[in-house]
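Reader: I am new to this structure and would like to learn how to read it. Could you take me through it step by step?

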Amino acid sequence: MDEKDLGDDLAKVLIPEADLQAKVRELAGQIDADYAGRDLLLVGVLKGAVMIMADLARELHTPASMDWMAVSSYGSGTKSSGVVRILKDLDTDILDRDVLIVEDIVDSGLTLSWLVSNLRSRGPASLEICALLRKPEAVQADLDVKYIGFDIPNEFVIGYGLDYAERYRNLPFVGTLAPHVYGGDGA
Ligand SMILES: O=P(O)(O)OC[C@H]1O[C@H](OP(=O)(O)OP(=O)(O)O)[C@H](O)[C@@H]1O
Ligand code: HPA
Ligand SMILES: [Mg+2]
């Protein structure tokens, strides 16, 4: 899917595909340097992290296992409901494992704050976060994101895994939508 397929639904491209790919390679380089010789477990947060997880995992030279959790706090809107639910738990016992959470976006930071305390209680040897995008609001959450791709403005974004009402995840870039897509009021 590309820009043309969106017609007038697309407001603008915020991060082009080439910039995303370059950043993912850069993040993989940092992670390789930090995890050399360790047995890394990547935990992707479904569904938004599917693209970054798939690209990051292939850029890594460090041997890594992959597991997935599905949590949801957004439903079909553009605002966090504030309630995080586990839709699918890990298949892996993370006791004494080096765990790296892979996320598409830290927005309010609510999802990751909740996830970090949930996973920490399972006794991993280490627990870090890699997130492709971060919004300014997330700074208010007490979250230590070790690997961060881009800080972006406080706008609702779509593409490269990120959805609006389950659509637009399969765009290779990150962009914003025209107001008419949201039905006018932006929510
Ligand atoms: O920092 P926060 O305000 O908590 O927002 C970030 C989370 O929200 C989105 O997931 P969502 O719950 O929409 O599920 P999805 O990944 O399936 O789209 C996104 O993928 C993050 O997981
Ligand atoms: O800006 C966003 N876009 C899509 N999904 C999201 N989940 C939290 N923030 C966002
Ligand atoms: Mg979503």
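Author: Let us begin with strands, which, like helices, are DSSP runs numbered from the N terminus (strands are E, at least two residues; helices are H or I, at least four), and two strands pair if DSSP finds at least two bridges between them. This is a predicted model, in which local features need pLDDT of at least 70 and side-chain atom pairs count only at pLDDT 80 or more, while totals for chains, interfaces and linings use all residues. Residues are numbered from 1 along each chain as its sequence is written, and side-chain values use heavy atoms, without hydrogens and water.

Reader: What is the order of the six strands in the open sheet?

Author: The order is β4-β3-β2-β5-β6-β7, and the pairing is mixed. Because β4 (85-88) and β7 (147-151) each have a single partner strand, they stand at the edges, with one side left without a neighbour in the sheet.

Reader: How many bridges join strand β2 to strand β3?

Author: Seven bridges join β2 (residues 40-46) to β3 (residues 64-72), and the two strands run parallel; Leu 41, for instance, has Ser 65 in β3 as its bridge partner.

Reader: Is Thr 176 buried or exposed?

Author: Buried means under 20% relative accessible area, exposed over 50%, and partly exposed in between (1.4 Å probe, protein chains only). Thr 176, found in strand β9 (residues 174-177), has 4% relative accessibility and therefore counts as buried. Leaving aside neighbours within four places in sequence, Thr 176 is in contact (heavy atoms within 4.5 Å) with residues including Asp 9, Leu 10 and Phe 156.

Note on methods:
Chains are lettered from A and ligands numbered from 1 in the order in which they are written.
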